[in-house]
Amino acid sequence: MKIAVIGTGYVGLVTGTCLAETGNNVICVDIDAEKVAKMQQSIVPFYEPDLESLFKRNIANRTLTFTTNLAEAVKESLIIILALPTPPSEDGSADLSYVLNTAKAIGPMIDEYKIIVNKSTVPVGTADKVREAIASFARYEFDVVSNPEFLREGVAVNDFMKPSRVIVGTRSEKVKKVFTELYAPYMRQGERLIFMDERSAEITKYAANAFLATKISFMNEMAGLCEILGADIEQVRRGIGTDDRIGKQFLYAGIGYGGSCFPKDVQALARTATEIGGDFKIVDAVMKTNYAQREKFLDKVINYFSADLKGKKIAFWGLAFKPETDDLREAPSLYLINELLAEGVKIIAYDPVAMENTERLLGDRITYAKNQYEVLEDADALVIVTEWKNFRNPDFDLMIEKMKKKVIFDGRNLYNLERMQELGFYYNSIGRDI
Ligand code: UGA
């Protein structure tokens with residue numbers, strides 16, 4: 001099939017590449033000419049495991065091409081996928097200007113039947129708005145479909161190639177036929193392709209992200225109780241996760257969720273509820289808990305050093321909002337670093353892939369280390385923010401040798417409590433004994 005993907009962010013580029021991989025002809029469009037030129041030279045613009053080989057192979061096959069020319073891409077394609085940003089507006093609602101302006105531009109370019117697909121996370125009713133925006137200019141028949149994306153950064157290729165489900169919001173029989181064919185290579189069992197109306201598809205995406213965020217905030221609150229009551233959140237997680245109704249995933253207490261999706265989508269859902277005159281109490285609480293979790297973690301560090309905090313050297317392991325990405329959007333590390341800098345702390349940091357992005361944001365306000373041990377040189381404490389694999393089983397003897405003080409604040413519960421006690425660390429983690 002001939003497909004245009006408008007927007008080459010995470011969702012757009014992974015979608016385009018994975019659709020090309022199963023034999024479709026995909027043209028990716030972006031307004032950023034520099035980025036397009038780089039992609040034409042087979043350079044992936046961000047870090048995502050497993051993407052590069054598929055990306056390069058499909059460019060070489062000419063099944064994946066790039067352009068800044070929207071009209072050309074629309075003309076060539078039956079399916080036009082909008083994967084554009086929907087950043088939060090000042091009031092927390094999703095800003096639809098990228099999506100709607102593109103829809104308006106596409107209208108007059110349509111010269112035969114087309115299927116326009118919303119892949120961005122958009123509030124309920126956006127499919128109708130896109131339809132209106134196109135209809136005011138279009139002279140030919142078209143359909144607008146809501147097809148939200150559920151891929152996770154870090155495992156995006158696998159999530160796209162083997163989706164837990166694909167949601168297609170459409171009432172058009174013609175579209176259902178095309179999408180059944182389009183997604184057939186990714187389906188192990190046909191029932192994971194779920195058709196519904198556009199509005200239900202739109203809100204399904206928010207429901208999924210808000211539910212997962214709720215699981216995380218629930219566990220973070222539970223961790224707070226465990227700390228006071230002398231229980232261990234990791235035991236509790238194992239104890240409840242084995243119940244299939246609860247499930248093992250997304251039960252990890254930590255320093256709160258970050259990234260480009262959960263914070264924005266949970267807020268937008270709360271905003272939608274307010275706009276229609278109601279409120280969504282659970283979602284409001286999820287946001288509050290999430291923010292409080294970072295503050296509580298920061299307080300642990302501040303209280304430990306109390307009056308002696310100023311001038312201390314604190315090392316950071318991990319900066320990205322989660323492992324296997326260089327993405328720093330809404331990363332708890334940035335909050336912690338800024339607050340500690342304001343207290344006069346010296347920060348030295350290491351992350352396996354997010355160093356360049358961090359340097360772009362923080363410049364010389366902090367120091368950057370070449371590896372996970374160099375960062376510990378003379379440190380008064382180590383703060384663990386991202387659970388990269390290479391932090392899970394480190395050389396503790398070397399750590400002890402390098403650090404000035406054996407102090408660890410672990411926001412991801414990476415280590416065994418007894419082991420840390422044996423090694424003589426002051427080890428402060430989440431929802432467990434100190
Ligand atoms: C999330 C969803 O998982 C995807 O399904 C969705 O498609 C995507 O948002 C989106 O809307 O585009 P992502 O933001 O890439 O994906 O990352 P997650 O793996 O979901 O992690 C989000 C945050 O939750 C991270 O900060 C992570 O550290 C935190 N988290 C996750 C926890 O604190 N505890 C957990 O148990 C799991």
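This is a predicted model: local features need pLDDT of at least 70, side-chain atom pairs count only at pLDDT 80 or more; totals for chains, interfaces and linings use all residues.
Student: Switching to the ligand, which residues are the closest to it?

Tutor: The ligand is surrounded by 21 residues, of which the closest are Glu-153, Tyr-252, Tyr-257, Gly-259 and Cys-261.

Student: Which domains does that shell draw on?

Tutor: At least three residues of the shell around the ligand come from each of domain 1 (2-196) and domain 2 (233-428).

Student: What about helices, and which one has the largest share?

Tutor: Both α9 (198-229) and α11 (262-275) supply at least two residues of the shell, and the largest share, three residues, comes from α9.

Student: How do the shell residues divide into nonpolar, polar and charged?

Tutor: The shell around the ligand has 11 nonpolar residues, together with five polar and five charged ones.

Student: New topic: what is the order of the strands in the open sheet of six?

Tutor: The order is β11-β10-β9-β12-β13-β14, and the pairing is parallel. At the edges stand β11 (367-368) and β14 (426-428), each with a single partner strand, so one side of each is left without a neighbour in the sheet.

Student: Which strands of that sheet does helix α13 touch?

Tutor: Helix α13 (residues 332-342) packs on the sheet and touches β9, β10 (346-350) and β12, while its direction makes about 155 degrees with that of β10.

Student: And how many bridges join β9 and β12?

Tutor: Strand β9 (residues 313-317) pairs with strand β12 (residues 381-384) in the parallel sense over four bridges, and Phe-316 stands opposite Val-383 in β12.

Student: What about β5 and β6, parallel or antiparallel?

Tutor: Strand β5 (residues 114-118) and strand β6 (residues 142-146) are parallel and pair over five bridges, with Val-117 opposite Val-145 in β6.

Student: Through which helix does the chain cross from β5 to β6?

Tutor: The chain goes through helix α6 (residues 126-135), and this β-α-β crossover is right-handed.

Conventions. Residues are numbered from 1 along each chain as its sequence is written. A residue is near a molecule or strand if its C-beta atom, placed from the backbone, lies within 6 Å of it. Ala, Val, Leu, Ile, Met, Phe, Trp, Tyr, Cys and Pro count as nonpolar, Asp, Glu, Lys and Arg as charged, and the others, Gly among them, as polar. Domain bounds come from an automatic or database domain assignment. Two strands pair if DSSP finds at least two bridges between them. A crossover is right-handed if, with the strands pointing away from the viewer, the path from the first strand over the helix to the second runs clockwise. Two residues are in contact if their C-beta atoms, placed from the backbone, lie within 7 Å. Axes are lines fitted to C-alpha atoms, for helices over the stretch in contact, and angles run from 0 to 180 degrees between N-to-C directions.
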